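Here is a short briefing on one structure. It covers a sheet, the helices across it and the nonpolar cores.

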Amino acid sequence: MTIPTPTSEGLVALGGAAPAGLPDELTLARLAGEFFAALPGGGPSPAFARPEVPVQAPAQAPAQVQEIRLGDVSPRLSALAPATPVEATQQPLDRGAAAGRPAAPVFGVPEAYAAALPVVGTPPQAPAQVAPSTPYYFLGESGAASSSAALPLPDSRAENRVEPQSLGLPGEAELRGLLAEIAGARTPAEAPAAGHAKATNPGHFYFLDQADHPARNSHVPAQGPIQAGFDVQAVRRDFPILQERVNGKPLIWFDNAATTHKPRQVIERLAYFYEHENSNIHRAAHELAARATDAYEGARNKVARFLGAASSDEIIFVRGATEGINLIAKTWGWQNVGEGDEIIVSNLEHHANIVPWQQLAAAKGARLKVIPVDDSGQVLLDEYRKLLTPRTKIVSVTQVSNALGTVVPVREIVALAHQAGAVALVDGAQSVSHMRVNVQEIGADFFVFSGHKVFAPTGIGAVYGKKAILENMPPWQGGGNMIADVTFEKTLYHGAPARFEAGTGNIADAVGLGAAIDYVERIGMESIARYEHDLLVYATRGLLTVPGLKLIGTARDKASVLSFVLDGYRTDEVGRALNEEGIAVRSGHHCAQPILRRFGQETTVRPSLAFYNTCEEVDTLVAVLHRLARGKGRAR
């Protein structure tokens, strides 16, 4: 909204003097300043700031107009360095204790937020670190400037209740009631006493169990405060598209399981390739061919290192995970699967890891068997063991479910497949951007992933295959680049990986994939995994406060996916409502219809997280869902 700044000229224009009952200019300015200072995180509004030296404007000049964005009154939270070095003897972080108020609950928020909390044990002379009284910044701040307007911490003891001062804002009572309800619902149960076993979470959210207290988080030291190890705002500055606005609102990209955005480093690497290196590869003697070949093969080396492969000869460039699985089914599968043989997949699979095996089974007379999942969405290993027989030829499973976020125990699945004499394929499309992968530790015979899921361009991906297996596989396409010699009588093929890369490959985007790998490795996959884990905890807690919202997929091990349905709404209605607020989520079956039907759903709403998402964005998502829940399907 816009509010004209009161001026003496404006009052004269109304009739020369201030009308009866209207405060003079000084009083208006003072009242406005007090109003804005009372808002959470507020201070004097620029629209009402009084200059040190009054400046007289020309009589004919219109009143100055300033735009006041009430949504900006709360400051963004960012990582703060500890005021003093952390000593190993310090006690675990106690929110609020240093400020003389009851300790606020710990929600497992990302380190960049938790690092802004007061450091326990800081010497009195050190400057205090101001921090939000709860992880939800809009619930108020602990600071003298905003203490009158901040919402109090939920406390069941009557003597400790503090009634917030009313600011007289429109809708204030409703807003405070909602926020108080959210804050109360998010208060975790008290930690079990020392020496007692931790109770099993009935909802199977292992990360909610661990989030109740920092000492129980595996990545948080038992002694000393949480350290800032990840600057999400610095990461966000690397992604130009995050500055976009949708329907007048800042873009919030929660559709990362469908595709991820590209950092400036990848975009600039692509531009550099086309400006300085563009050429076909391998077969020319000129300078640009050498540059392009070096860049392309350099990217192959980076993929091999990224996956922990033994050699770059084990890496085949393809368009993505879908093409990779089809390549394996139509080469190794066609060569090794026969009538009466068995192919095993899990109930969690993307269509890309179902359809190629169905096609192969139909063509060869083989049988497709499915590993079932439990009610949380995790595969049942005991049932899997029963499916394995001497006729099992290949087991093909995802490492992370794109529909539920379940992290599958692929090492155990691969080991059991090998014991039965079968080979194993792991679909890593949803895992490589969230966790460190080492194909040799997993033991997989094949591993596939798509570049666009890991901040690289679309149209590029990779297949890892053990060298001994690749060397015995026939090519699946014919053309240039993959041949050693051709006559009209016969063709001799190169060894792997060249024999599987017929024609001109996607050279530039392979180079872009290498740049994306460089980018995430500079940040560190461990840091990314730790931040995203905490953000998932934070988002899960937020969604669980929304009345009528049901999470689909509650496995103890999850990664970055929050699939849900909301009472009173079709999933596409929720998706459209979120889009109106600039929030991008996927609503539909996510190319994983069998697993959704296992839970009685045809579609879900699927927010999915990446390391450039923030708690503030989660807050916006939760607030919109609360508004929809109050409407109970009326806003269609």
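**Sheet, helices and cores**

Helix 8 (residues 287–307) lies across strand 6, strand 11 (446–450) and strand 12 (461–465). Its direction is at about 115° to strand 6. The model is predicted.

- Helix 10 (residues 355–364) lies across strand 7, strand 8, strand 9 (392–398) and strand 10 (423–427).
- Helix 10 runs at about 160° to strand 7.

- Seven strands form an open sheet in the order 6-12-11-10-9-7-8. Pairing is mixed.
- Strand 6 (315–318) and strand 8 (367–371) are the edge strands, and each pairs on one side only.
- On average, neighbouring strands of this sheet are turned by 20° against each other, direction ignored.
- Strand 7 (residues 342–346) and strand 8 run parallel, joined by five bridges.
- S346 stands opposite I371 in strand 8.

**Nonpolar cores**
- The largest nonpolar core has 108 residues. L307, F447, F611 and L625 touch the most other members.
- Helix 15 (residues 507–523) supplies the largest share of this core, 10 residues.
- Leaving out residues up to four places away in sequence, F611 touches F230, V232, V235, F239, F455, Y519, I523, I528, Y531 and E532.
- Another core lies apart from the largest one. It has 27 residues, among them V318, V337, W357 and A496.

Conventions. Residues are numbered from 1 along each chain as its sequence is written. This is a predicted model: local features need pLDDT of at least 70, side-chain atom pairs count only at pLDDT 80 or more; totals for chains, interfaces and linings use all residues. Side-chain values use heavy atoms; hydrogens and water are left out. Two strands pair if DSSP finds at least two bridges between them. Helices (H or I, at least four residues) and strands (E, at least two) are DSSP runs, numbered from the N terminus. Axes are lines fitted to C-alpha atoms, for helices over the stretch in contact, and angles run from 0 to 180 degrees between N-to-C directions. Contact means heavy atoms within 4.5 Å. A nonpolar core is a set of buried Ala, Val, Leu, Ile, Met, Phe, Trp, Tyr and Cys residues joined through side-chain atoms within 4.5 Å. Buried means under 20% relative accessible area, exposed over 50%, partly exposed in between (1.4 Å probe, protein chains only).
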